[in-house]
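The following note sets out numbered points on a structure, shown below.

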Amino acid sequence: MRLTDTADLWWKNAVIYCLDVETFQDGNGDGCGDFVGLTQRIDYFARLGVTCLWLMPFLPTPDRDDGYDITDFYSVDPRLGTLGEFAEFVRTARDRGLRVIADLVVNHTSAEHPWFRSARSSRESPYRDWYVWRDEPPRDGPKGVVFPDKEDSLWEYDENTDQYYLHRFYKHQPDLNVANPAVRDEMARVMGFWLQLGLSGFRVDAVPFFLETAGNADAHQLPDPHDYLVDLRAFLARRQGEAVLLGEVNLPYKDTMAFYGDPEGVGDELTMCFDFVGMQRMYLALARGSSAPLAEALRERPEPPRDAQWATFVRNHDELTLDKLTDDEREEVFAAFGPSEDMQLYGRGLRRRLPPMLGGDMRRVKMVYSLLFSLPGTPVLFYGEEIGMGENLAVEGRAAVRTPMQWEPGPGAGFSTADPERFPAPVTTGEFGPDEVNVRAQRRDPDSLLSWIKRLVEGYRECPELAWGEFEIIDAGDDALFVHRCATPDRAAVIVHNFSDRPLEAELELPDGTLDDVLVDGTLSVRGGRVTVPIEPFGCRWFRHSR
Ligand code: NOJ
């Protein structure tokens, strides 16, 4: 851990907060969240200790995939504001020390994008080759629809030009042909544009999908898909040295590693990859009350290259995917956290947020976030997690977890003063609705989840060894216990979690010295190379170990 590295590689111990502008804060009273409203909330993030905001797509869109269906890469959805208001927002965020990244969707556009409209108007269109066309759906093409409730094929017939186009996601999202150099140039231009306006990088959507061109016609294949990622990263670094690529790569660890770039190098492709495997194994561990599945995943998880980092998360805006578990394991998690069919989605996931999955047991909820902030990796929060928002199962599909942010009690949740009928999504109701769960009530309550998350963020930022140190799992003699240590040459953090509902004592072998509590006041002494750490049911303790 060199000082110059800690000064530059800000993403290694960032706190990333993901939000959707349209559901975060309405600033003009029309019922839709916007940049003016978001800008008014910047001090909220600063107080929470967030260091980087990740904005979900905010570009013009017919909104059939929550903005991931884009019709113009160079402006702001007029419902959310203007480019000027966007620039003011970024400027204000930077003033409070916050960086901003945004989704970059390279894989597809909306079918209503002028490029696709032109492409499908005639085979002679200058944009024809910006998409992937075949006379017949190929046998050797990519497999597997992503949204089996809505699609049964990856190829859609276009009557006008008598060919099929590829769409890895919905049929209203035709895939861009990234093997076409003109498309790659345009995507670089898009990145350059937003960097120029102050972004510090991108969350790159669906990375393996846009790089997989093997099933395309010969003229549509990338010579080496990873060269393209290296190229994107180099372009990014030239334009803006501190900018990052945070990639959505939901693959087994071995395959994900390829997206960091040359394993011998410092990391020249994606800067961060989400740890989908560790996340899924954590839910299995919670379901079993045993830390073993999580410990196995973390033992198996390779170290990213020197300058790269894993991005860790508990929930995101999509379904909680459990696709990397075996069928039996997935059934265990379904039985524990989403037994009824309307909680499940696509046969592989749950459309729920954490607190309702854990039956509102705040001890467990707090323990999970303690894991998020203490395991190696950069924690990524999804808005509302910090106050324990729940899902609204009355809303269709993945949108169940994308309800308006709950600032205050009341039907508008402090999100907007407009008639809730005009909101982009209905507010959550019941036990986890705004009357019970909101920022205002939690802000000054020292026992609230919001105060807990603040304390965890402080602890995490005060212990850079958590992000930079060497990680090891310490055997504590009971599967319900998860003990890990992160050490740099001059410091070490020792963290203890209890996955069970029993009070336990962790017997640890450590060099003599003192364990100073990080989250509460207290110290324990290590004598004769041993220490006993008492820990409450679903408890967690963070220590700094000094000799
Ligand atoms: C991944 C995004 O997370 C998801 O919400 C979206 O539907 C697909 N990519 C398609 O863009």
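1. A salt bridge is here a side-chain nitrogen of Lys or Arg within 4 Å of a carboxyl oxygen of Asp or Glu. Glu242 forms such a bridge with Arg99, with 2.8 Å between the closest N and O atoms. This pair connects distant parts of the chain, since Glu242 lies in the loop between H9 and E8 and Arg99 in strand E3 (residues 99-104), 143 residues apart. Helices (H or I, at least four residues) and strands (E, at least two) are DSSP runs, numbered from the N terminus.

2. The model is a predicted one: local features need pLDDT of at least 70, side-chain atom pairs count only at pLDDT 80 or more, and totals for chains, interfaces and linings use all residues. Residues are numbered from 1 along each chain as its sequence is written, and side-chain values use heavy atoms, with hydrogens and water left out.

3. Glu242 also forms a salt bridge with Arg94, where the closest N and O atoms are 3.5 Å apart. Here too distant parts of the chain are linked: Glu242 is in the loop between helix H9 (225-239) and strand E8 (244-247), Arg94 is in helix H5, and 148 residues separate them. Glu242 is buried, at a relative accessible area of 17%, while Arg94 is partly exposed at 38%. In these terms, buried means under 20% relative accessible area, exposed over 50%, and partly exposed in between (1.4 Å probe, protein chains only).

4. A further salt bridge joins the side chains of Asp95 and Arg96, at 2.8 Å from N to O. Asp95 is exposed, with a relative accessible area of 52%; Arg96 counts as partly exposed, at 34% relative accessibility.

5. By the stated rule, the count of salt bridges comes to 37.

6. Pro60 is located in the loop between strand E2 (52-55) and helix H5 (83-95). Is Pro60 buried or exposed? Pro60 is buried, its relative accessible area being 13%. Leaving aside neighbours within four places in sequence, Pro60 is in contact (heavy atoms within 4.5 Å) with Asp69, Ile70, Thr71, Asp72, Ser75, Val76 and Asp77. Pro78 lies 18 residues from Pro60 in sequence, and their C-alpha atoms are 7.0 Å apart in space.
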